[in-house]
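Colleague: I have a new model open and would like to learn how to read it. Could you walk me through some features one by one?

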Amino acid sequence: MPVIESEEHKALRTAVAALGHRYGRAYLTRTVAEGSHPAELWSEAAELGYLGVSLPEEYGGGGGGIAELSLVLEELGAAGCPLLLLVVSPAICGTVIARFGTEAQKREWLPGLADGTRTMAFGITEPDAGSNAHRITTTARRDPGTGDWLLTGRKVFVSCVDVADATLVVGRTETVSAEKGRTGRIKPCLFIVPRDAEGFERRQIDMELSAAEKQFELFLDDVRLPADALVGDEDAGLLQLFAGLNPERIMTAAFAIGMGRHALARAVEYARERTVWNAPIGAHQAVAHPLAQAHIELELARLMMQKAALLHDTGDDTGAGEAANMAKYAAAEACVKAVDQAVHTLGGNGLTREFGLASLVTAARVSRIAPVSREMILNYVSHQTLGLPKSY
C-alpha cells in the first residue's frame with residue numbers, strides 16, 4: 001500500500017490549494033454573514049473538474065475515487081474555505097448512485113453532480129434514531145394501484161436542503177402481516193425525493209454554528225414517488241447504505257484535517273512573528289512543542305484517511321468500514337487539538353474576528369459529533385475489530 005502520494009495527487013493538491021487561497025477564509029466568512037451558499041467557489045471548482053473527480057468518466061466525472069475527492073476537500077479546508085456539500089452531493093449520493101443506481105438514474109444525476117449544476121442532499125438522521133440505522137422509522141410503502149412509493153417520516157440535521165435539487169432519503173420498506181398489520185423491515189432503502197415533491201416540507205434549524213451550509217428538519221407526509229425513485233435493490237439493505245456512509249466518514253476526516261491544518265498554519269505564522277522579550281514566541285518550547293504535536297497528529301490522521309480511501313476505492317467495503325471510522329476518529333481528535341492550540345497560541349487575538357480562529361472552535365467540535373460520535377466509533381472498534389462483547 002503506497003504511503004507516498006503520486007505525482008498526480010501532488011499536482012492536484014497544488015492546483016486545489018491555489019484555488020482555495022484565491023478565495024480563502026475571508027470569502028467564506030463573508031458568505032456566512034450574507035446567509036448564502038459559496039456559489040462562486042462551487043462553480044469554479046466545478047469548472048476545474050474538482051467536484052466530479054470521484055465520479056465515473058462515462059458520466060462526466062474524473063474517473064478517480066474518494067482518495068482524490070478527499071484530497072480536494074482537505075486542501076480547500078486548509079485554505080480556510082471547505083465545501084461541506086462535497087461530503088454530501090458527490091461523495092455520498094454520487095457514490096451510491098454510481099454503484100447501485102439504474103442506468104437511467106446514472107444518466108439523469110451523475111453528469112449534473114459532476115459538473116456542479118445539480119446537487120443532492122442526504123437524509124438519514126432521525127430524532128429517535130441518531131446513530132442507530134436499525135431504528136429508522138421513515139417508512140416507504142407501495143401503492144398497489146399504481147406501483148408508486150409513499151414515504152412518511154421525519155429527518156433532522158440534513159445539510160443544504162435549500163440548495164439541493166433532491167434529497168437521497170433513507171427509509172424502511174413496509175410489509176403487511178395479518179397478525180401485526182403494517183411493519184417496517186430492518187433493511188433500509190434509498191429514495192430520490194425531488195425538492196418540490198408534494199408533502200415534502202423543510203424547516204431550518206436555528207444553529208449557533210457559523211457555517212454557510214444550513215441545517216434542516218424534514219417532514220415527509222405520504223410523499224408520492226414513482227417506482228424508479230428507489231435506488232438499488234429494496235432487499236440489499238445495509239450494503240447500499242454503508243456504500244455511502246464509508247465515503248461520508250472519509251470525507252469528514254478530510255474536512256477535519258483541512259480545518260486543523262488551516263488553524264495550525266495561522267498559529268505558526270503568528271508564533272514566528274509575535275515577539276516578546278526580543279524573541280519570537282515560537283522560539284519557546286512551551287509554544288513550539290504543542291504546535292509540533294498538533295502537526296504530527298494531523299499527519300497521522302491523514303495516513304489513516306488515505307488508507308481508508310484506498311480500501312474503499314479498491315472495493316474492500318469491510319476494510320474500508322473499519323479504516324473510515326478510525327480515520328474519522330483520529331482526524332476529529334487531531335482537529336480539535338490543533339484548533340484549541342492555535343487559539344491558545346494567539347491568546348486574546350485568537351478570539352478576534354481579525355484572525356478568524358474563534359469560529360473554528362465550534363466547527364471543530366462538529367467533526368467529533370457528526371456524522372457519528374467518537375463513542376460510537378469506539379463501540380465499533382471494540383466489538384468489530386477487537387471482538388469484545390457489545391455494550392448495547
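Modeller: Happy to! Let's begin with surface patches: a patch is made of residues with over 30% relative accessible area and no salt bridge, and nonpolar side chains are joined within 5 Å. Keep in mind that this is a predicted model.

Colleague: Which residues form a nonpolar patch on the surface here?

Modeller: Val3, Ile4, Ile296, Leu300 and Leu303 do, with about 510 Å² of accessible area together. One of them, Leu303, sits in helix H7, which covers residues 285-313. Leu303 has a relative accessible area of 41%, so Leu303 is partly exposed.

Colleague: Let's turn to helices. How should I think about the way side chains point?

Modeller: An α-helix has 3.6 residues a turn, so residues three or four places apart point the same way. For a case to look at, take helix H6, residues 238-273.

Colleague: How many residues does H6 have, and how far does H6 reach?

Modeller: H6 has 36 residues and reaches 52 Å from its first C-alpha to its last, close to the 52 Å expected at 1.5 Å a residue.

Colleague: Is H6 mostly covered or mostly open?

Modeller: Mostly covered: 26 of the 36 residues in H6 are buried.

Colleague: Are Cys81 and Cys335 buried or exposed?

Modeller: Cys81 has 0% relative accessibility, so Cys81 counts as buried. Cys335 also counts as buried, because its relative accessibility is 0%.

Colleague: Now strands. In which sense do E2 and E3 pair?

Modeller: Strand E2 (residues 139-142) and strand E3 (residues 149-159) pair in the antiparallel sense, over four bridges. To find your place, look at Thr139, which stands opposite Thr152 in E3. The hairpin of E2 and E3 has six residues between the strands, and Gly147 in this hairpin takes a positive phi near 85 degrees.

Colleague: What should I expect of backbone angles in general?

Modeller: Most residues other than glycine have a negative phi, and most peptide bonds are trans. With that in mind, look at Phe157, which is not a glycine but has a positive phi of about 55 degrees. Phe157 is found in strand E3, and Phe157 counts as partly exposed because its relative accessibility is 49%.

Colleague: Where does Trp277 lie, and what is its phi?

Modeller: Trp277 is in the loop between strand E9 (275-276) and strand E10 (279-280). Trp277 is not a glycine either, yet has a positive phi of about 55 degrees. At 81% relative accessibility, Trp277 counts as exposed.

Colleague: And which peptide bond is cis?

Modeller: The bond from Ala370 to Pro371 is cis, with omega near -5 degrees. Pro371 lies in the loop between H9 and helix H10 (374-385).

Colleague: Since H9 has come up, what can you tell me about Arg365, which lies there?

Modeller: Helix H9 covers residues 358-369 and includes Arg365. With a relative accessible area of 38%, Arg365 is partly exposed.

Conventions: Residues numbered from 1 in each chain as written. Predicted model: local features only at pLDDT ≥ 70, side-chain atom pairs only at ≥ 80, totals over all residues. Heavy atoms only, no water. Buried < 20%, exposed > 50% of the residue type's maximum accessible area, 1.4 Å probe, protein only. Helix = DSSP H or I, 4+ residues; strand = E, 2+ residues; numbered from the N terminus. Expected span 1.5 Å × (residues − 1). Patch = residues over 30% accessible without salt bridge, like charges linked within 9 Å, V, L, I, M, F, W, Y side chains within 5 Å. Areas by Shrake-Rupley, 256 points an atom, 1.4 Å probe, with all protein chains shown as cover. Salt bridge = Lys/Arg side-chain N within 4 Å of Asp/Glu carboxyl O. Pairing = 2+ DSSP bridges.
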